[in-house]
Amino acid sequence: MWLQVSLLCLSCLILSRQSQAEDRASLHRSNDPTGRCHYTFTVASPQESSCPGSGVKPEMDGVLSRLTLLEALVSRLIAGVDGGTGGTAIESNGEEGLQEAYAQVTGERNQLQQDKERLSRQIQELQRRLGELSQEAESLRQQPCKQTHTSGGAQRESRPASDPAYDFGNGAYQEMKAEVTEVPASHLIPEGNHNFTGCGELLSVGDPVLHRKADSITGKYGVWLQDPEPQGPLYTNKTVWRIDAVGKDVRQLFAYEDMEQFSRGFPMKVLVLPEPVESTGATMYRGSMYYQRKRSRTLIRYDLASESLASRLDLPHAGFHGQHPYSWGGYTDIDLAVDEQGLWAIYSTSKAKGAIVISQLDPESLEVKKSWETNIRKNTVANAFMVCGRLYTVASYTAPNTTINFVFDTATGVGRAVAVPFKNKYRYNSMLDYNHAQRKLYAWDNFHMVTYDIRQGRASHGSS
């Protein structure tokens with residue numbers, strides 16, 4: 001406002017000067033000596049009566065100078081007003097930016113506080129669960145091991161209720177009992193002694209160790225193992241063999257360089273067998289694969305090095321293709337096995353009326369060297385294997401915690417019931433074989449290929 005007043009005053013001053021000058025000004029017109037017309041405009045000085053020189057120019061210069069200073073002053077004043085407005089805008093924008101930054105920082109702080117509280121709750125929950133698990137573990141440590149019920153020196157075999165063969169109302173089922181036998185500590189294998197080469201009775205079976213899971217329906221059940229006594233440099237005791245037994249015409253035999261390649265699923269070779277395989281009873285021994293030909297009692301020895309059929313022979317009177325299988329079925333009438341004493345066939349005949357028959361075979365010709373007839377029916381057990389000339393049977397193929405429930409010693413011809421804990425972790429165990437070089441059991445449990453470590457007592461002479 002004051003700027004407008006100043007400009008108005010200045011305008012008035014200039015106009016007043018102009019009016020005063022007009023009152024004293026005069027205009028003259030005359031011809032010069034050459035005859036040209038000249039106009040002369042004369043203004044009297046308000047202060048001086050006369051001037052020694054041209055007195056008009058200094059006054060005009062002074063007015064111009066004052067006007068220049070006035071214009072500069074007005075420009076500075078105008079710039080100051082605009083600058084003040086710009087400063088206010090900058091200050092306003094700065095304040096708004098600070099408010100936004102503060103709001104953002106406050107929001108992030110609140111979010112971090114919420115995350116901290118959530119993590120604290122999770123830590124408390126984990127600590128609570130850890131405490132519960134620790135209490136449960138301590139409780140399990142303090143509980144005594146379950147003992148079998150004994151009466152009059154006899155021990156009753158226990159089976160899980162989920163075992164389909166366990167039925168008190170079934171008259172065909174005969175409860176088996178066995179005398180409790182104390183095993184002296186000196187007869188046990190020292191822990192970590194893997195060089196023990198004796199042939200004592202089976203004392204325990206460890207937990208299953210998974211090596212591979214089949215990736216297709218053809219891997220529901222099959223055969224996988226290693227040769228305990230390989231022949232020649234082509235295949236070693238590290239070579240792993242596998243057959244997927246699901247299919248109408250099973251002929252493919254997969255060879256893997258070692259257990260690592262087997263676990264990764266990279267075979268080094270695929271062999272095509274000359275005759276189709278029946279079920280999961282095949283085995284490996286001394287550079288040959290032994291198996292039952294499909295829908296027959298014919299046994300075949302297939303030489304791995306030459307990839308040719310080495311020998312074949314019918315197993316006398318043996319049932320086949322569903323006549324005397326294990327309890328899980330699968331046409332498991334003839335089960336071939338290998339142990340420290342050689343090659344065996346586990347089967348049944350019409351004469352034996354479904355009871356298990358054990359025959360020791362010649363590994364070259366497949367001829368029967370000697371046979372034993374047991375008193376346990378083949379279709380009441382899930383599987384069987386040979387260790388040190390003794391037959392062991394498994395009670396159930398589906399119960400996760402079952403038992404090895406029967407042993408028959410070919411050295412004495414005596415069989416009896418036992419109760420060695422055995423786990424079917426994946427609840428469909430269709431194949432079980434012993435490898436005496438590795439001292440492990442190889443099993444195929446519902447797409448899963450696993451091994452079990454075993455523990456034996458010291459070799460004993462006389463009755464088992």
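Analyst: Four strands make up an open sheet in the order β12-β13-β14-β15, with antiparallel pairing; strands here are DSSP runs of E of at least two residues, numbered from the N terminus, and two of them pair if DSSP finds at least two bridges between them. Because β12 (283–285) and β15 (308–314) each have a single partner strand, they stand at the edges, and one side of each is left without a neighbour in the sheet. On average, neighbouring strands of this sheet are turned by 25 degrees against each other, direction ignored, where the axes are lines fitted to C-alpha atoms and angles run from 0 to 180 degrees between N-to-C directions.

The model is predicted, so local features need pLDDT of at least 70 and side-chain atom pairs count only at pLDDT 80 or more, whereas totals for chains, interfaces and linings use all residues. Residues are numbered from 1 along each chain as its sequence is written, and side-chain values use heavy atoms, with hydrogens and water left out.

Between β12 and β13, which run antiparallel, there are three bridges, and M284 stands opposite M289 in β13. Strand β13 also holds S288, which counts as buried because its relative accessibility is 1%; buried means under 20% relative accessible area, exposed over 50% and partly exposed in between, with a 1.4 Å probe and protein chains only. Leaving aside residues up to four places away in sequence, S288 touches D227, T283, R301, Y302, D303 and L304, a contact being heavy atoms within 4.5 Å.

M289 belongs to the largest nonpolar core, of 29 residues, in which W224, W241, L253, M289, Y291 and L304 touch the most other members; such a core is a set of buried Ala, Val, Leu, Ile, Met, Phe, Trp, Tyr and Cys residues joined through side-chain atoms within 4.5 Å. Among the elements that give two or more residues to this core are β13 (288–292) and β14 (298–303), while the largest share, four residues, comes from β10. L253 has M284, M289 and L304 among the residues that it touches, not counting those up to four places away in sequence.

In the loop between β11 (269–272) and β12 lies S279, whose phi is near 65 degrees, a positive value in a residue other than glycine. Most residues other than glycine have a negative phi. S279 counts as buried, because its relative accessibility is 8%.
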